[in-house]
Amino acid sequence: MEAIDPEFSESSRWIARCLEQTKQYGRALEFFIKFRESAGAAPEEISRLRRAIDAGGWPELQRVSVDNGNAKPNLETAGTFAQLGEVDRAFDVLEGMIKNRRPMIVHMDSDPRLDPLRSDPRFEQFAK
């Protein structure tokens, strides 16, 4: 898509998430970095992300991406916390999305990054 419309950078983020789900972390990193750069990330942030993956793999990259002040109350953040095993933080984000009537909450039932939350009784309550 970006080849057709250079202004559309979202495809890099979604490709990174698809590669993440298939545990192709090296390739996922390429697309994640491309997405962050297109979103205006400073070279220092890109270096921090690369150091994180070198130090602790994909989970450390995820941790750095939500703990450096970029964590937003959205499905992306909830999915990251779920993938990191930080279930309570993931539910806090989902609850905030519901309270603030964030439209992307409608996708919580189908987002595979939220799979670690599905066995928790809170998930069913939030899905109502």
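**Packing, ring pairs and a helix**

Author: Leu 61 lies in helix H3; helices (H or I, at least four residues) are DSSP runs, numbered from the N terminus. The model is predicted: local features need pLDDT of at least 70, side-chain atom pairs count only at pLDDT 80 or more, and totals for chains, interfaces and linings use all residues. Residues are numbered from 1 along each chain as its sequence is written, and side-chain values use heavy atoms, with hydrogens and water left out.

Reader: Is Leu 61 buried or exposed?

Author: Leu 61 is buried, at a relative accessible area of 1%. Buried means under 20% relative accessible area, exposed over 50%, and partly exposed in between (1.4 Å probe, protein chains only).

Reader: Which residues is Leu 61 in contact with, leaving aside neighbours within four places in sequence?

Author: Those residues are Leu 29, Phe 32, Leu 49, Ala 52 and Ile 53, where contact means heavy atoms within 4.5 Å. Leu 49 is twelve residues from Leu 61 in sequence, and their C-alpha atoms are 5.8 Å apart.

Reader: Turning to the rings, how many aromatic pairs are there?

Author: Rings of Phe, Tyr and Trp (its six-membered ring) pair if their centres lie within 6.5 Å; planes under 30 degrees apart count as stacked, over 60 as edge-to-face and the rest as tilted. By this rule there are three aromatic pairs. Tyr 25 and Trp 58 form a stacked pair, with 5.5 Å from centre to centre and 20 degrees between the planes. Tyr 25 belongs to helix H2 (residues 25–38) and Trp 58 to helix H3 (residues 43–67), so the pair links distant parts of the chain, 33 residues apart.

Reader: How accessible are Tyr 25 and Trp 58?

Author: Tyr 25 is partly exposed, at 31% relative accessible area, whereas Trp 58 is buried, at 4%.

Reader: And what about Phe 91 and Phe 126?

Author: Their ring centres are 5.5 Å apart and their planes stand at 80 degrees, so the pair is edge-to-face. Phe 91 is in helix H5 (residues 87–99) and Phe 126 in helix H6 (residues 121–127), so the pair ties together parts 35 residues apart in sequence. Phe 91 is buried, at 2% relative accessibility, and Phe 126 is buried as well, at 19%.

Reader: Which residues do ring pairs link into a cluster?

Author: The cluster consists of Tyr 25, Phe 32 and Trp 58.

Reader: A change of topic: what covers the buried residues of H1?

Author: The cover includes H2, H3 and helix H4 (75–83). Among the buried residues of H1 are Ala 16, Arg 17 and Leu 19.

Conventions
Helices (H or I, at least four residues) and strands (E, at least two) are DSSP runs, numbered from the N terminus.
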